[in-house]
Amino acid sequence: MLLEFTQKGIYCEKGNFYIDPSAAVDYALVTHAHSDHARRGSKNYLAHKHTAPVLKLRLGKRSVIQEVEYGQEINIKGIKVTFYPSGHVIGSAQIKVDDGNEVWVVAGDYKLESDNITQQFEHIKCTHFVTESTFAKPNFSWKAQTEIFTEMNDWWARNSSKGVTSVMSAYSLGKSQRILKNIDSSIGKIVVHDSIDETNDIFRKLGFNLPKTYLFSEVSRQDLKNALVITPSFSNLNKFEDKLEGYVMANASGWMQVPWYVSKSLDKGFVISDHADWNGLIKAVKETQAQNIFVVHGFTTYFAKHLNTLGLNAMSITDKKLDQLALL
Ligand SMILES: [Zn+2]
Ligand SMILES: [Zn+2]
C-alpha cells in the first residue's frame with residue numbers, strides 16, 4: 001500500500017514522509033495545528049500557508065516549515081501530494097497522496113458545513129480514504145450554525161442586560177475565531193484569553209477579518225459586566241476573579257449534545273462542532289467513491305461496522321490495531 005499505519009502515524013515509504021506523526025520524524029506533513037496532529041521535534045514540516053504560522057507559534061520559532069496553497073501539487077520523490085480544504089479550522093487540510101496507481105486522501109479533522117471563516121471542505125475522489133470518527137454516532141446531528149448563533153446572541157444579550165458577564169469556553173484555534181466571526185459584536189465588549197489573542201493576531205495579519213477584542217488587562221470592571229469572555233479553559237479565570245463579579249459559563253462543543261457531558265456548573269451548552277456530524281461523515285465517505293476506507297480517531301469500530309452494512313469496505317484503525325501491526 002502507498003500509505004501504511006505505523007506506530008509513528010501514517011507513513012509513505014516511497015516518499016519517506018509521515019502525515020500527522022505522533023513522534024518526531026524527518027518529514028512531517030501536517031493537516032492542522034491542533035496538538036493531536038502537530039507534534040514537536042520533526043526535522044521538516046509541510047503545512048498549508050495559514051497553518052504554518054500557528055505551527056511556528058506552537059512548535060517553536062526554529063521549526064522548519066515549508067508552506068503550500070490549497071490545490072498546489074508538490075512532488076516528493078515522484079509522489080504527488082496536494083492539500084485541499086477540510087473545513088475544520090482556518091488552514092486545515094485534507095492531504096491527497098498519489099503515486100499514479102493508488103490515490104489516498106487523509107482527511108484529518110473535517111466538517112462539511114461552511115462556518116463563514118474557514119475555507120469550506122472539498123469532496124475529493126480517491127481510492128483510499130482515511131476518515132476521522134469523533135462524532136460517528138447517529139445521535140450527533142448539528143443544527144445550522146445561524147440557529148446556534150441566534151441562541152448564543154440571545155444568551156449573551158440576556159446576561160448583559162442583567163449586568164452578568166458571559167464566559168464561553170472555546171479552543172484557541174478554530175472555535176474561537178468561528179465565534180468571533182459570527183457573534184453579534186454590538187452586544188458588548190469581547191474579551192479573549194491571551195492564547196486566543198495570539199492566534200487571532202496571526203489570522204488578522206493573514207487578512208482574516210475579526211471584530212475588535214480586548215484582553216482582561218484592557219477592560220474595566222464595569223465593561224466586564226456586559227462583556228463576552230472567551231477562554232480555552234475555565235480554570236484560568238481564577239486570576240481575574242477580583243475583576244469578574246457575577247458571571248455565568250457556557251461551553252461550545254459537539255459534546256454538549258450528550259446530556260451527561262453538560263456539567264452542572266454550566267449555564268448553557270451550545271452544540272456546535274468543527275467536526276462533521278453522523279450524516280456529514282457518511283456523506284463525506286460516500287462522495288470519495290473510495291474502495292477502501294480507514295477509520296481513525298473516535299468511534300472507529302462503530303463507524304467502520306456501519307460503513308460495512310452500507311456495502312463499503314471499511315476498517316477501523318485504533319491504537320490497539322497499530323500495536324498489532326507493529327508486531328507483524
Ligand atoms: Zn482538530
Ligand atoms: Zn483531531
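Predicted model: local features only at pLDDT ≥ 70, side-chain atom pairs only at ≥ 80, totals over all residues.
Is Ser-133 buried or exposed? Ser-133 has 25 other C-beta atoms within 10 Å, and a residue counts as buried at 20 or more, so Ser-133 is buried.

Next, colour strand S11, residues 128-133, in which Ser-133 has its place. Extend the view to the sheet around this strand. In what order do the seven strands of the open sheet run? The order is S7-S8-S9-S10-S11-S17-S18, and the pairing is mixed. At the edges are strand S7 (73-76) and strand S18 (314-316), each of which pairs on one side only. On average, neighbouring strands of this sheet are turned by 25° against each other, direction ignored.

Now select strand S10, residues 103-106. S10 and S11 run parallel and are joined by three bridges. Within this pair, find Trp-104, which stands opposite His-128 in S11.

Helix H6 (residues 278-288) touches S10, S11 and strand S17 (292-298); the direction of H6 makes about 175° with that of S11. Helix H7 (residues 300-309) also packs on the sheet, where it touches S11, S17 and S18. The direction of H7 makes about 165° with that of S18.

The last stop is helix H4, residues 194-205.

Which residues of H4 are buried? They are Ile-196, Thr-199, Asn-200 and Phe-203. These residues cover an arc of only 105° around the axis and therefore lie on the same side of H4. In general, an α-helix has 3.6 residues a turn, so residues three or four places apart point the same way.

To see what covers the buried residues of H4, show helix H1 (52-59), helix H3 (175-182), strand S13 (190-192) and strand S14 (228-231), which are among the covering elements. Finish at Gly-207, which follows H4 and has a positive phi, near 105°.

Notes. Residues numbered from 1 in each chain as written. Chains lettered and ligands numbered in written order. Helix = DSSP H or I, 4+ residues; strand = E, 2+ residues; numbered from the N terminus. Buried ≥ 20, exposed ≤ 12 C-beta atoms within 10 Å, placed from the backbone. Pairing = 2+ DSSP bridges. Axes fitted to C-alpha atoms, helices over the stretch in contact; angles between N-to-C directions. Contact = placed C-beta atoms within 7 Å. Expected span 1.5 Å × (residues − 1). Arc of directions from axis to C-beta.
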